[in-house]
Amino acid sequence: MVCLSVFGIALFSTKTYFLLNYWDCLDSKRSLIIRSLYFTMEHHFTQLDDGASADVKPASNFGAMVATVLLALLLQIFCRCCRSIYTAAANMDRSIIAPVEKILKYTFKDKRLLKEALTHSSCREDMSYETLEFIGDAALGLAVATHFFCLEPRLNSHQLTQLRKKSVSNKRLARVAARHELHQFVRSKDTALNRNVRKYVQAVKQGDDLKNLAVPDILADIVEALAGAVYLDLNFDLTKLRTIFKEVLMIDEIKVPKDFESSEIIGAQNKLYGSCGKRKWGQPVYSLVKAKRCQHGMKYVYSVEVETQDGVRRHKGDEKSTPKDARNSAAYLLLRSLQ
């Protein structure tokens, strides 16, 4: 009887040690079961101790020891099952982590960040990429703006804004995710969402027209979440983030405008409007002179005329890539002619 009790205690102690070391690897349901086993066994050991002090009948002690040994064996089987499940999950994580790190050309110090960045809210209640997406959205926008500013400091604020929009818009980020096939690493239980993603990725691969195809937000979200994960793993190093995602986003595909304008030209329309008001002149009237499609997009030319006390004054602006810039050019040249 003593040997049986010692055997049960030793086995219980061994499994308790395993439990304390691997508790965090188990979900809430398995933890609840193990806690129940633990406290049941603790209750039986208390019975044994009380039996020794209170001189309980040997039959009761023997029943308690048998129950303890059986529970210990059950716990051993259960823990082995949990270990196999945990090992399989770890292998699955490695099969996801390695390819994504290869795409990013970056090795994470904290793999949990990458795991979180690839987890949709439909997969787990206690983990999703939403927080990392929020951080990545802001960090990616700043990194891209910094890249273009360092690349060409003569760019004005409007041009920088347009370049940032082109680089990190939902449509572009979704296409980037599709090109890198990041969708296959996302953990999601939303079947409808997964079906839409596969349809969009297939269209991108085949070079189909995407105008009438809805862009799955999850694709852009994943790119932003990955940026957030990298940013945190880099301890908020924006320069390194910019270097990594310059290649991921394929920034070099975006054409940087070569027509650099001063702040005077940018605000020329407002300045001309104010000048006309002070002099009691008529309001400026802008007319489209030319709009043509070129290799790198549209080109516009506008003219402006103002009715003054000495008659109508008009001027034609230079060729610009946007209507706003073309009107500003016309206003700026008219202002210079009035000086």
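User: Which residues touch the most other members of the largest nonpolar core?

Analyst: Leu104, Phe148, Leu226, Val230, Phe245 and Leu249, out of 54 residues in that core. Bear in mind that this is a predicted model, where local features need pLDDT of at least 70, side-chain atom pairs count only at pLDDT 80 or more, and totals for chains, interfaces and linings use all residues. Residues are numbered from 1 along each chain as its sequence is written, and side-chain values use heavy atoms, with hydrogens and water left out.

User: What makes a set of residues a nonpolar core?

Analyst: They must be buried Ala, Val, Leu, Ile, Met, Phe, Trp, Tyr or Cys residues joined through side-chain atoms within 4.5 Å. A second, separate core of 14 residues includes Val304, Val306, Leu334 and Leu335.

User: Why is Leu234 called buried?

Analyst: Buried means under 20% relative accessible area (exposed is over 50%, partly exposed in between; 1.4 Å probe, protein chains only). Leu234 has 13%, so it is buried. Leu234 sits in the loop between α9 and α10; helices here are DSSP runs of H or I, at least four residues, numbered from the N terminus.

User: Why do the buried residues of α10 line one face of the helix?

Analyst: Those residues are Leu241, Ile244, Phe245 and Val248. Seen down the axis of α10, they fall within an arc of 85°, so they line one face. The arc is taken from the directions from the helix axis to the C-beta atoms.

How values were computed: Helix = DSSP H or I, 4+ residues; strand = E, 2+ residues; numbered from the N terminus.
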